[in-house]
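Visitor: I am new to this structure. Please take me through a single part of it, up close.

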Amino acid sequence: DAQTVEIKTHPLRGISLIEASAGTGKTYTITHLYVRYLLETDFTVDQLLVVTFTNAATQELKQRIQKLIYEVWVYLKGTHSQAHNLDALFGHYANDSAALYKLHRALICFDEAAIYSIHGFCQRVLNSFPIESHSLLQQQIISSEKELQQQAIMDFWRKNMTASEMNRLRWILSEWNEPQKLLTDISLLMEFESTFESTRTQIDGDLAAIDITSAWAELTQQWTDNGAEVRELLLESKALNRRTINIKTVTILLQELEQLLCLPLSYRLPDKWNLITLSKLQDSLNKGKQEPGLECAFFKSAETFQIKHENWLRLNKKLILIDAASYVAETVQQKKTDAQNISFNDLIKQLSDAITRDTGFSAKITQQYPLAMVDEFQDTDNRQYHIFKTLYQSQQQAVSDATL
């Protein structure tokens, strides 16, 4: 169960999750626990890993920790006073030569403190273990892949979208009126590159199950066989409510159907297609009226086809998103490889992949950093979470949920 954090007695072993609202002392807790680790263990500043998620936050946290170490060191050197705000946590170390030595050593060596942004931590580990991580020794970090992604999506758009036949192209442009819109839609997919192939296989299977071509052929044949009957019912039936099944609207719809059902499968159906579906026509009957003509198979087939068509379009859209994301990811990666460049996200991916391949590599990292404190842990994505879970969960001895 959740319990209030007591900094003085909070366990320094195992895994703890500390939840805190803004302004409730999260940074205060991290900095004071850090000093406790220095005093109560033999860890040095280069072994106490602290990770946060921006360079600015990293610098602020580093300054706050260094300042507190200095304040506690000065306090312990001076006259012990019950009025001092550090008494409650560190008063029992007054005149303790071992404690003074540990803090003094921490101040002297603080330039080596392992306080990093998430990307800085990954880069540090990859550089320290190039063989284990399969990292190139000479790689230039690029701050953003945006330009490479834009070039890749333009290339994909030219090869796979604008080259489409007109029927498909009109539908595509109704979904994405420009390449940038498509790039925006695939941005979140880029994190799941490992699932692209299996997802595409699943979509192909779902499309085959729909068999939209056969469904279209069946519908067009029924129109050929029953078109006159359908036209007569829609235009002349006394049982239909004409406020819902408007004669003018139906006339336009029938003209569209005459043209559409003579053509190959269309990506777009007339806006008023539902007026020829069985359920819509049944709902549009005048009160107490029946219409035997609704037993015509065309109306039921039109409704079934509408559902299949909607699913078919949805799957086609997914397929384009997967294909675009796959193309952009592969193209960008190839360009980076050719130029021996690496992005910040690549740092995380490389480390995540490396510790997955080689469990012995994880042991080397945790030997170098036996303890980790992760600030803003809720901001971790799947790969970042995988890194810390893989590195440190195996050392778990106790799990404590604490609430500030």
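**Helix α11 and its surroundings**

Guide: The crossing of helices α11 and α12 is left-handed. This is a predicted model. Start with that pair. The axes of α11 and α12 come within 11 Å and cross at roughly 150°. Angles over 145 degrees count as roughly antiparallel, so α11 is roughly antiparallel to α12.

Which residues make the contact? On α11 they are W216, W223, R231, L234 and L235. On α12 they are I247, V250, T251, L254, L257, E258 and L260. By class, nine of the residues in this contact are nonpolar, one is polar and two are charged.

Now turn to α14. The axes of α11 and α14 come within 8 Å, and they cross at roughly 140°. That angle makes α11 oblique to α14. This crossing, of α11 and α14, is left-handed.

The contact with α14 has its own list. From α11 come I212, A215, W216, E218, L219, Q222, W223, V230, L233 and L234. From α14 come A297, F298, F299, S301, A302, F305, K308, H309 and W312. The contact of α11 with α14 holds 14 nonpolar residues, three polar ones and two charged ones.

Next, the core. In soluble globular proteins, nonpolar side chains tend to be buried together. Here, the largest nonpolar core has 61 residues. L182, I186, L234, W273, F298, F299 and F305 have the most contacts inside this core. Several helices supply at least two residues each, among them α11 (212-236), α12 (247-260) and α14 (297-339). Others on that list include α7 (146-161), α8 (166-175), α9 (179-186) and α10 (196-210). Helix α14 gives the most, with 17 residues.

Look closely at F299. Set aside its neighbours within four places in sequence. F299 is then in contact with V230, L233, L234, I276, T277, L278, L281, G293 and L294. Of these partners, V230, L233 and L234 belong to the α11 side of the contact with α14. L234 also takes part in the contact of α11 with α12, and L234 is among the core residues with the most contacts.

One last point, for orientation. A second, separate core has 35 residues, including L38, L39, V45 and L371.

Conventions
Residues numbered from 1 in each chain as written. Predicted model: local features only at pLDDT ≥ 70, side-chain atom pairs only at ≥ 80, totals over all residues. Heavy atoms only, no water. Core = buried A, V, L, I, M, F, W, Y, C linked by side-chain atoms within 4.5 Å. Buried < 20%, exposed > 50% of the residue type's maximum accessible area, 1.4 Å probe, protein only. Helix = DSSP H or I, 4+ residues; strand = E, 2+ residues; numbered from the N terminus. Contact = heavy atoms within 4.5 Å. Axes fitted to C-alpha atoms, helices over the stretch in contact; angles between N-to-C directions. Parallel < 35°, antiparallel > 145°, perpendicular 65-115°, else oblique. Left-handed = near helix turned anticlockwise from the far one by under 90°. Nonpolar A, V, L, I, M, F, W, Y, C, P; charged D, E, K, R; others polar.
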